[in-house]
Amino acid sequence: MNGLTFDIAHLLAGSLVLVSFMMLYQDRLFALINVFALHAVVLALSVAWQAYIQDAHHLYITAAIALVFKAIVIPVGLHRIIQRLGIHRDIETAVGIGPTMLAGIGLVTLSMVLMLRVTPEADPLAREDLAFALSIILLGLLVMVTRRNAVSQVVGFMSLENGLVLAATGAKGMPLVVEISVAFSILIAFIVIGVFLFRIRERFDSVDIGALDDYRGERR
């Protein structure tokens with residue numbers, strides 16, 4: 001593998017981490033969803049590049065699935081859900097943006113140190129892609145933990161799954177049947193989440209997770 005091929009793979013994987021930080025920074029739902037769509041586009045490019053350098057043609061299908069479902073179908077669906085439910089467009093956070101970004105930097109550092117130490121014998125590209133993938137997973141979890149709005153937590157979950165896809169493709173890919181089943185699982189989960197959001201909005205007149213906590217407290 002020549003240096004340019006290696007550098008492009010790292011540029012795309014590193015760009016995914018950067019876009020994950022952009023999601024942490026957003027405080028409006030529409031902007032967060034748009035950044036998630038960008039995250040999916042970069043993931044599709046990264047997977048397509050892995051398909052090229054590994055000569056694994058089935059990974060092009062994975063890239064197409066990421067592009068169609070995650071960059072187009074899911075963001076458009078979330079935009080429509082927000083408009084139909086009349087959800088408040090600002091995102092309430094459990095922690096301020098500054099501490100959240102610092103926590104994100106700490107998680108990325110931890111990911112790099114951990115993965116590079118526990119995989120010293122692995123292929124250099126695979127081990128560094130795994131380090132980037134773990135960073136994306138942890139940043140997705142951080143989005144879920146620090147956001148009170150249910151829609152933003154859905155976006156965090158989807159970005160976390162992008163990290164899992166990057167890890168699988170960087171480690172010489174997944175079987176095609178697994179990729180297709182994952183795509184359908186994501187679509188079904190999105191439909192269920194949509195129904196769940198409508199039910200929360202109908203019951204509590206809000207999709208703020210804090211409303212659920214208040215409701216549990218009242219019942220006690």
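Start by selecting Trp49 and Tyr52: they sit three residues apart in helix H2, so about one helical turn separates them. (Helices here are DSSP runs of H or I with at least four residues, strands are E runs of at least two, and both are numbered from the N terminus.) Their rings form an aromatic pair, 5.2 Å centre to centre with 35 degrees between the planes, which makes the pair tilted. For that label, the ring centres of Phe, Tyr or Trp (its six-membered ring) must lie within 6.5 Å; planes under 30 degrees apart would be stacked, over 60 edge-to-face, and the rest are tilted. The count by this rule is one aromatic pair. Colour Tyr52 by accessibility and you'll find it exposed, at 53% relative accessible area. Exposed means over 50%, buried under 20%, and partly exposed in between, with a 1.4 Å probe and protein chains only.

Before you click on: this is a predicted model, where local features need pLDDT of at least 70 and side-chain atom pairs count only at pLDDT 80 or more, while totals for chains, interfaces and linings use all residues. Residues are numbered from 1 along each chain as its sequence is written, and side-chain values use heavy atoms, leaving out hydrogens and water.

Next, go to Asp55, in the loop between H2 and H3. Check its backbone: phi is positive, about 55 degrees, although Asp55 is not a glycine. Asp55 counts as exposed too, at 56% relative accessibility.

Now for the inside. Select Val17, Leu43, Val155 and Leu166, which touch the most other members of the largest nonpolar core, a group of 39 residues. Such a core is a set of buried Ala, Val, Leu, Ile, Met, Phe, Trp, Tyr and Cys residues joined through side-chain atoms within 4.5 Å. H2 gives the most, with ten.

Which residues does Leu166 touch? Leaving aside residues up to four places away in sequence, Leu166 touches Ala13, Leu16, Leu43, Ser46, Asp129, Phe132, Ala133 and Ile136. A contact means heavy atoms within 4.5 Å.

Finally, zoom out to the whole chain. You'll see eight helices and zero strands. Buried residues make up 46% of the 220. Of the contacts between residues at least 6 apart in sequence, 76% join residues at least 24 apart.
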